[in-house]
Amino acid sequence: MHSRTSDRPEGAQLSESARDGLKIVIVGGFGVGKTTMVRSVSEIRPLSTEETMTQAGVGIDDASQVQDKTTTTVAFDFGRISLDEQMVLYLFGAPGQERFWFLWDRLFMGTLGAVVLVDTNRLSDSWYAIDRLEHHGTPFIVARNNFGEPKHTLEEVRAALDLPADIPIVDCDARERDSSKAVLVALARHLYSLSTSPSTFSSAPSSAAQESTA
């Protein structure tokens, strides 16, 4: 997918008064639009580790469902959004190929929350991401990236992913900045609702806690 970005100052300078950094991870299957989302919403030109796909990946990376894809992320994508003069949101897009999944646990360290980006034509590609987030006790929402007219309702997507009712599922077009921003707002609202709940994270160990006991 090609990013359609506009109306943002490239290379925007980070305020000298910025003190607090918040980390969000965008995960999902191969070619689902993670790099595109980071690009569309970041206030700076994102750091990307995209490389051209070559014959070396044949038989390793399943590109049968993303035949127009010519590049792939080999480490992670990084973007930034300044929320105010003191608070900055850092975005990390995780690589989707199975051979790079070992990087995910490191990316999840210190993460406030995550967006699981899904393509309804390949929902099974999202199961590993959801499993790892649940393992780390990392709160997340699911965003359906619409590559065309949706073929299923969001509730059908929820049922297919076996998600509880309290995990939000939203629609988006990762190419559009406003749409990607709406996804991040939905995640922020979800995190706020969890923070005000008496039972917040009571049954799920945090990533930091798991690292300390590992």
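**View 1. The largest nonpolar core of this predicted model.** This core has 22 residues, and those touching the most other members are Val27, Val116, Leu133, Phe140, Val142, Leu161 and Leu163. Two or more residues come from each of strand 1 (20-28), helix 2 (104-108), strand 6, helix 3, strand 7 and helix 4. Elsewhere there is a second, separate core of 20 residues, with Ile81, Val115, Ala174 and Val183 among them. As general background, nonpolar side chains in soluble globular proteins tend to be buried together.

**View 2. Val116 and its contacts.** Let's zoom in on one residue of the largest core, Val116. Leaving aside residues up to four places away in sequence, Val116 touches Val27, Ser126, Ala129, Ile130, Leu133, Phe140, Ile141, Val142 and Ala143.

**View 3. The two faces of helix 4.** Within helix 4 (residues 154-161), the buried residues are Val157, Arg158 and Leu161. Looking down the helix axis, these buried residues fall within an arc of 100°, so they line one face of helix 4. Glu155 and Ala159 are exposed, on the face turned away from the buried side. The buried residues pack against strand 6 (113-118), helix 3 (127-136), strand 7 (140-145) and strand 8 (169-172).

**View 4. Asp178 and Val41.** Asp178 belongs to helix 5 (residues 177-195) and is exposed, with a relative accessible area of 61%. Although 137 residues separate Asp178 and Val41 along the chain, their C-alpha atoms are 7.7 Å apart.

Terms used
Residues numbered from 1 in each chain as written. Predicted model: local features only at pLDDT ≥ 70, side-chain atom pairs only at ≥ 80, totals over all residues. Heavy atoms only, no water. Buried < 20%, exposed > 50% of the residue type's maximum accessible area, 1.4 Å probe, protein only. Helix = DSSP H or I, 4+ residues; strand = E, 2+ residues; numbered from the N terminus. Arc of directions from axis to C-beta. Contact = heavy atoms within 4.5 Å. Core = buried A, V, L, I, M, F, W, Y, C linked by side-chain atoms within 4.5 Å.
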